[in-house]
Amino acid sequence: MKSDFPSACPFDENELDLVREFIVLLRQGANCHLLRNDIILQFPRFRDDIEIDLELSGSLESVLEKLMRVQELLLFDDLTVIQYREGPARYNIFSLAGVEQGTQPVSANSFLEYRELMAGIHPVAPDKKLEIDFDPFYSSGPVVKSAGAIGTGQNILNEYLAGKFNDDAESMQACLLKFLTSRSLEGRPILLDGNVISNSDELRSALKSAIEFLQSVPKEVSLPSLLSSLKKWGVLAGFGDGPERIEKNLTLLEDILNTPDPSALESFLSALPLVSRVAIISPHGWFGQEKVLGRPDTGGQIVYILDQVKALEGFLESMLARAGVEASPKIMVLTRLIPESDGTSCHERLEKIDSTKNSWILRVPFKDENGNILPQWISRFQIWPHLEQFALDGKNELIGELGGSPDLVIGNYSDGNLVASLLASKMEVVQCNIAHALEKSKYLFSALYWKDMEADYKFSLQFTADLLAMNQTDVVIASTAQEIAGTDTVMGQYESYSLYSLPELYKVTRGINLAHPKFNVISPGVDASVYFPHQEKGRRSSEDTRKLEARLFEEEGDDIVGTLEYPERKPIFTMARLDKIKNLTGLVEAFGQDDALQERANLIVVTRTVREENVTDDEEMQELKKMYELIDRYHLHGKIRWIENVSRENGAEFYRIVADRGGVFVQPALFEAFGLTVLEAMVSGLPTFATQFGGPMETIQDGINGFWINPTQTDLLSGSIQRFLETCDRDPQHWSRLSKAGIDRVQKAYTWDLYSKKLMKCANLYGFWKYSGQGEEKKAMDQYCNLIFHSLFKSRL
């Protein structure tokens, strides 16, 4: 499967007649640019207005079904340009004019020009515009052959490498031997001794002798004694902690040499102790463990990384022990040091991460062009000028703290991924990127109208950084498959980088190859020590529960807004940052417009603050003022509670308290890449309603263990909650069934242990692939990205 732009029109002649009538309906007298959701909203009107013969009724439904796949309609006076999506990164782009003229194919370049014309931008002549095309750098190597396999890169790569061992045995065996004899851990050689084993024949002979020896020794023999005996055959530490495990892994290696298959290769590589030092990069926001959640740019990503670190350290510790090596994992989270830390720990250079043995937050300051340290927090949209120097300073700090280069670099978000790319290229280590959320998908037309938003958002820098990082990295970790490639009809976040332009700056005709095996879906989990089902009363402090219950429903103070006239009504609970995308004000408005829901339930909103004096971010201030305005406009006094909270532990108990009262949780974001709060609420036992735009469409199975909601229309948002509560009145067991199903869903599919196991499999597999040589293609890719970074990106700073 490859990103493609076929030109055939997907509509037959009868269907085209209906499409023309639909376009007439859409025209409002002026040129307009419609997205998929705008188009779908017109379906009921089209059905009502159109006069159609019975014989064409089937064609109508077929047309509407196909129109669901249209991502964009550009309506000009005498021409309509249609972008029809066949599947991930596969588009039919064509124009439709008069009846006699029919349809005409539209090239990717022409489509970008039409977009710019629609925006009122006089396009630069195609030959004078910088074109970015990454497709030549993906011309060889393994590829995903079907859309359904996107995000399963580990499986694809295992099969590819096993095939190479069959097709080019001599070369691959020599490469594997060199790989195994060149490994060291914390300065000590492991796995195989190259002074004893220098070729594949010697390796086969050594394995045969070592396996025979291992089969003859007692199970209780000590590891030092075992390794002393194995040394004469060139077998060093790292294959296991005792004779059985060492024999198993050496037998897997023997199988790879003789009869290679994907499962043997995966099992063998995943057992090797190739990683003990990890650098996790997250520059923006307030990265700390206390008094930071809910601050601008500081939310689920912080929780994700801290939980990731704790689980990863524990997994690495057990993995290294199973491998029989004397090493302890060390993880450093590289972030920004903020001297004016506002009561947080963000001014401290080093901070040990709670509940870990040797994992740390390492803070490095931002500096201006004169080398002066920036003392104050700045928005994630404004940090780009500081990242290259931050990467250079961070490299030296990491090497000092880790005692050498890390074995794995993990980037987070756009800025962290760019820094990870800079670090990985200089240190020559495996790079893994985690986007969390790509802004390009969150802000409509943000690429097309980038100049209008540049002062506030710096999208020309962010989108360029995204493009570079996602192409340079060895591994992309996504929380869901649709984050990469969307759904059957909706474009994915990464997919949105396939074709776009920043008018008057550059155009991207093939920005990313979704069929590359770098893409892997590894979903995060929830911290089971903090988030657990509300029924587990023995794990809860009754005193804390009473205090927090009073805070949710009864207490008054300047950090609480509203009192409840009928506190016994079912609570509708939501908790998030105050920003436009999280859309808490949208939920308040939906609640305010639904009188029937107000008669049945109260609304409980938890944010970082309810007070203007605590706000420094413009967007947060706008949303905070809007909250007060909505409460007044819809006369919600007595029906809503709005509460400050920055404690993760208190937030976890809030979920359980609301569940005790038979309430629900609502996540009303306009877009959510994954949504950790969704998992937190579900595992606490709260029936959960979450946005249908983004990750919750995979984490939640609609109507089975939660519900999807459309947050763009207030009646659709509140109506589904109302119907659920009505059903619960008729069937008292309905709430319990949904509660249990949500708990089961999270505990079986979304755990940090499972995440850590998959991530380390990735690190080892892609580490071997990187070593085995992705060829001149990868080198050329890095050079191309380096050129764009220095000539284009840095010129925009």
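**Exercise 1. Salt bridges around Arg540**

Task: In this predicted model, find how many salt bridges the structure holds, and state which parts of the chain the pair Arg540 and Glu653 ties together.

Solution. 
Step 1. The count of salt bridges in the structure is 48.
Step 2. One of them joins the side chains of Arg540 and Glu653, with 2.7 Å from N to O.
Step 3. Arg540 and Glu653 are both buried.

**Exercise 2. A second partner**

Solution. 
Step 1. The side chains of Arg540 and Asp660 form a salt bridge of 2.8 Å, N to O.
Step 2. Asp660 lies in helix H23 and Arg540 in the loop between S18 and H19, so this pair ties together parts that are 120 residues apart in sequence.
Step 3. Buried means under 20% relative accessible area.
Step 4. Through shared partners, salt bridges join Lys537, Arg540, Glu653, Arg656 and Asp660 into one network.

**Exercise 3. The nonpolar cores**

Task: Name the residues that touch the most other members of the largest nonpolar core, and the helix that gives the most to this core.

Solution. 
Step 1. The largest nonpolar core has 147 residues, and Leu552, Phe573 and Met760 touch the most other members.
Step 2. Helix H12 (residues 300-323) gives the most to this core, namely 13 residues.
Step 3. Take Leu552 and leave aside its neighbours within four places in sequence: its contacts include Phe573, Ile604, Val606 and Arg641.
Step 4. Apart from this core lies another, of 71 residues, including Ile484 and Tyr784.

**Exercise 4. A sheet of 3 strands**

Task: Give the strand order of the open sheet of 3 strands and identify its edge strands.

Solution. 
Step 1. The order is S6-S17-S16, and the pairing is mixed.
Step 2. Strand S6 (131-133) and strand S16 (500-502) each pair on one side only, which makes them the edge strands.
Step 3. Strand S17 (residues 506-510) pairs with S16 in the antiparallel sense over 3 bridges. Leu502 stands opposite Tyr506 in S17.
Step 4. Helix H29 (residues 776-793) packs on the sheet and touches S6 and S17. The direction of H29 makes about 150 degrees with that of S6.

Terms used:
Residues numbered from 1 in each chain as written. Predicted model: local features only at pLDDT ≥ 70, side-chain atom pairs only at ≥ 80, totals over all residues. Heavy atoms only, no water. Core = buried A, V, L, I, M, F, W, Y, C linked by side-chain atoms within 4.5 Å. Buried < 20%, exposed > 50% of the residue type's maximum accessible area, 1.4 Å probe, protein only. Helix = DSSP H or I, 4+ residues; strand = E, 2+ residues; numbered from the N terminus. Contact = heavy atoms within 4.5 Å. Salt bridge = Lys/Arg side-chain N within 4 Å of Asp/Glu carboxyl O. Pairing = 2+ DSSP bridges. Axes fitted to C-alpha atoms, helices over the stretch in contact; angles between N-to-C directions.
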